[in-house]
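Please open the model in a viewer and keep the selection tool at hand.

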Amino acid sequence: MKLRNKITLLMVLVALSLGPFAMHIFGQGAPAGLEEEIQKVFDDRKMTGLAVAVVSGDSIIYQKAMGYRVPPEEGVTPDTLQEDDLFALASVSKTFIATAIMRLVDEKKLKLDEDAQKYLGFRLRNPNSPDKKITIKHLLTHTSGITDSHGWWNIDYINPSKDKEYSKSYTDNVPGRHYEYCNLNYTLLAGVIEGVTGKRFDSVVDEFIMEPLGLGGSFNSNKLDKTKFVDYYYYDESKKKRMINDYFYRQYPQLEPAKYVLGENLSLEYPAAGMKITAADLARYMMMHMNYGQLGGTRVISKKSEQQMQKNYVGSSNYGLSYRQYEGLVPGAVLHGQTGGGGGVKTCMIFDPEKKIGFVVLSAGATSAEIDGYGDIHKPLIKALYKYLFADGK
């Protein structure tokens, strides 16, 4: 067989082995105009790096990484962004916590209407309404009456035995009455997971989600290759320069198995924001949710639990159990998912369980100040991706 024919045959065999990823690598390339629109958003928002993955059914049909993992700065060796680099997800991380909670519900180890303090090891009561229990569902839906204004990154802020000013973590709202987005709710939910299982929450997430789906990434930075972390830059307009945050990536000795203390060290992994994962693996995780809790032959949560996650519990704020509902991104459809942001990173995982399509957008270094809801990065990118990849019968 001639060498050219051997090479052609080898490429075909490799493409077939790659399955859903083959279209991205060996297909005809992106539709004309799509990557120009992506580049425009990239430039306008002063991003340092961007990773995109689009799914249809059980396949990733488009994937792109552009920019830098480490941008070219004075005295720094630049590193081009690769598709296997790890982004901190910010608030998209909350969906992993909620999924683990719903798995515990499926296993009848937990009920959504249970009192959360039962599993936390300290009193969780709003001093303004001390007779009202704060349930697991209140935490999931941000209707707990808890606020981030006193701090959200450490569970001790709301523990009466650890912080004399713990009452500052509460609003005047009665639990269950009003929606207020609050990261501390999900820090507490990580504590609930540890209280129910007797295991560290990141290992439960790995056991329930990451390992069955064959996903890399973790809340625990100590388990990951730090050379793959996408630098957490943000653009400071006042200084006209990029600044860096590294708190989601710090590798603390307290996270080593022999030193980890349940109910205490979980804050070092930022349960509300600290999952690190690639765009492709996040897309596979999204496909599981898009298919009502199952991917291929692997079921992570029940269909009922997935439907509960996607339901709107709070009216106009469009919030479910870690998900929002999004209208206006795709014509005639209500999408589900979560966005995140902080310190320059902007992320989203948004999907349509009816049309079986979904979008992952992970960016770093951007000027956008939006943290949640509709952002000036994910909204134009999703619209462009839908227009070029799905509209007009594509």
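Begin by selecting Tyr323 and Phe351, both of which are buried. The structure is a predicted model. The ring centres of Tyr323 and Phe351 lie 5.7 Å apart and their planes meet at 80°, so this pair is edge-to-face. The two residues belong to distant parts of the chain: Tyr323 sits in the loop between α9 and β10, while Phe351 is in strand β12 (residues 345-352), 28 residues away.

**Further aromatic rings**

A search of the whole structure gives 13 aromatic pairs. Select next Tyr179 and Tyr319, whose ring centres are 5.6 Å apart with planes at 45°, so the pair is tilted. Tyr179 belongs to the loop between α5 (136-140) and α6, and Tyr319 to the loop between α9 (303-310) and β10 (324-327), so the pair ties together parts 140 residues apart in sequence. Tyr179 is partly exposed, at 22% relative accessible area, whereas Tyr319 is buried at 0%.

Then select Trp152, Trp153, Tyr157, Phe248 and Tyr270 together, which ring pairs link into a cluster.

**Helix α3**

Move to residues 34-44, which form helix α3. Colour Leu34, Ile38, Val41 and Phe42, the buried residues of this helix. Viewed down the axis of α3, these buried residues fall within an arc of 105°, so they line one face of the helix. Now show β1 (49-56), β2 (59-70) and α10 (378-389), which are among the elements covering the buried residues of α3.

Turn to the face of α3 directed away from its buried side, where the exposed residues Glu36 and Lys40 are found. Lys40 has a relative accessibility of 53%, and its side chain forms a salt bridge with that of Asp44 (2.7 Å, N to O). Lys40 and Asp44 are separated by about one helical turn, because they are 4 residues apart in α3. Asp44 is partly exposed, with 39% relative accessible area. Just after the helix, select Lys46, which takes a positive phi of about 55°.

**Salt bridges elsewhere**

The structure holds 16 salt bridges. Select Asp85 and Lys228, whose side chains meet in one of them (2.8 Å, N to O). This pair also links distant parts of the chain: Asp85 lies in the loop between β3 (79-80) and β4 (87-88), and Lys228 in the loop between α7 (201-213) and β5 (232-236), 143 residues apart. Asp85 is buried at 3% relative accessibility, and Lys228 is buried at 18%.

Continue to Asp156 and Lys162, which form a salt bridge with their closest N and O atoms 3.7 Å apart. Asp156 is partly exposed at 24%, as is Lys162 at 44%.

Select Glu194, located in helix α6 (residues 184-197).

**Last stop: cysteines**

Finally, select Cys182, which is buried at 0% relative accessibility, and Cys348, which is likewise buried at 0%. The count of disulfides in the structure is 0.

Definitions and conventions:
Residues numbered from 1 in each chain as written. Predicted model: local features only at pLDDT ≥ 70, side-chain atom pairs only at ≥ 80, totals over all residues. Heavy atoms only, no water. Disulfide = S-S within 2.5 Å. Buried < 20%, exposed > 50% of the residue type's maximum accessible area, 1.4 Å probe, protein only. Arc of directions from axis to C-beta. Contact = heavy atoms within 4.5 Å. Phe/Tyr/Trp six-rings, centres within 6.5 Å; stacked < 30°, edge-to-face > 60°. Salt bridge = Lys/Arg side-chain N within 4 Å of Asp/Glu carboxyl O.
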